[in-house]
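I opened this notebook to record what I looked up in one model. The entries run from the whole chain to single residues.

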Amino acid sequence: MPVTVIIPTLNEEEWIEGSVRSAIDAGADEVIVADGGSNDRTTRLATAAGARIILAEPMRARQLNTAAEVARHDRIIFLHADTRLPRGAADAVMNAKADFGGFRISFAESDAKLKLAAAMINLRTAITRCPWGDQAQFVARDAFRDLGGFREIPIMEDYDLALRMRRRGRTRVLPLTVITSGRRFLRKGVLRTAMRNWSIIASYHRGVPPDELARAYRR
């Protein structure tokens, strides 16, 4: 399928092989790993798994924009390194009558709180039509370019793109499900992480600068 999958990385040797292989199994014709300066085996493992490596300045939004500029295809899926695409994802994106969208989400770990978190995320996405980055956002490249790509900010670039694409129209949440790691939720607590995420979103809408939001997120 003429779909490019772009995966931003920074020291993701534990996850990158599975991510690249899931993209290929999902039907992607091209997989680009946009690396921001890994000093582990990320790029070596990605290449062995079948990806093309693009080196970019660190910052996820910048890495994604750099890779999108050299993508061969008009449909692009942005995939996190710890997320797995389902089989048939490329075909579903090609057939989606939408310029932007994403997938439903499930967490890899067996944890009742994570199952509840996934259900809430899927409900939120169905209502808002704003899938976030861990839901494998897809985009038509012309629409992406028209909007100027991702804003090169240290956090919230995926949410910002979703809002702008929704205002443009023709967004869709596909019925297939990506599987992603709940490692951040489990490390910091599911409820605490969810509350922190919503607090940062509220602050973003109040106009708090992204650099300040990034510092709050990482504390």
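The entries below begin with conventions and then turn to the structure.

**Entry 1. Conventions**

I note that this is a predicted model, in which local features need pLDDT of at least 70 and side-chain atom pairs count only at pLDDT 80 or more, while totals for chains, interfaces and linings use all residues. Residues are numbered from 1 along each chain as its sequence is written, and side-chain values use heavy atoms, with hydrogens and water left out.

**Entry 2. The whole protein**

I looked up the secondary structure and found 10 helices and 8 strands in the protein. Helices (H or I, at least four residues) and strands (E, at least two) are DSSP runs numbered from the N terminus.

I then checked the overall dimensions. Along the principal axes, the C-alpha atoms fill a box of roughly 40 × 40 × 35 Å.

I recorded that buried residues make up 54% of the 219 residues. Buried means under 20% relative accessible area, exposed over 50%, and partly exposed in between, with a 1.4 Å probe and protein chains only. The accessible surface of the protein comes to about 10,400 Å², and 51% of this surface belongs to carbon and sulfur atoms. Areas come from the Shrake-Rupley method with a 1.4 Å probe; for residues, only the protein chains shown count as cover.

Of the contacts with a separation of 6 or more, 76% are between residues 24 or more positions apart. A contact means heavy atoms within 4.5 Å.

I also looked up the charges: there are 35 positive and 26 negative side chains, and the centres of the two sets lie 6 Å apart. Lys and Arg count as positive and Asp and Glu as negative, without His and the chain ends; each charge is placed at NZ of Lys, CZ of Arg, CG of Asp or CD of Glu.

**Entry 3. Helix 7**

I asked how many of the 12 residues of helix 7 are buried. The number is 9, so helix 7 is largely enclosed by the rest of the structure. The buried residues are Glu157, Asp158, Tyr159, Asp160, Leu161, Ala162, Leu163, Arg164 and Met165. They pack against several elements, including helix 3 (60-70), strand 6 (100-107), strand 8 (171-180) and helix 9 (190-205).

Helix 7 covers residues 157-168 and reaches 17 Å from its first C-alpha to its last, close to the expected 16 Å. The expected span is 1.5 Å times one less than the number of residues. Just after helix 7, Gly169 takes a positive phi of about 100 degrees.

Most residues other than glycine have a negative phi. I noted Asn11, which is not a glycine, with a positive phi of about 55 degrees. Asn11 sits in the loop between strand 1 (3-9) and helix 1 (16-25) and is partly exposed, at 35% relative accessible area.

Arg129 also has a positive phi, near 55 degrees. Arg129 belongs to the loop between helix 5 (112-128) and strand 7 and is partly exposed at 37%.

Is Leu114 buried or exposed? Leu114, in helix 5, is buried, with 1% relative accessibility. Its C-alpha lies 7.9 Å from that of Phe185, 71 residues away along the chain. Beyond neighbours within four places in sequence, Leu114 contacts Phe107, Glu109, Gly182, Phe185, Leu186 and Val190.

Ser22, in helix 1, is buried at 8%. Leaving aside neighbours within four places, Ser22 is in contact with Leu79, Thr83, Arg84 and Leu85.

Ile179, in strand 8, is partly exposed at 41% relative accessibility. Not counting residues up to four places away, Ile179 touches Asp82, Thr83, Arg84, Ser106, Phe107 and Ala108. I also recorded that the C-alpha atoms of Ile179 and Thr128, 51 residues apart along the chain, are separated by 21 Å.
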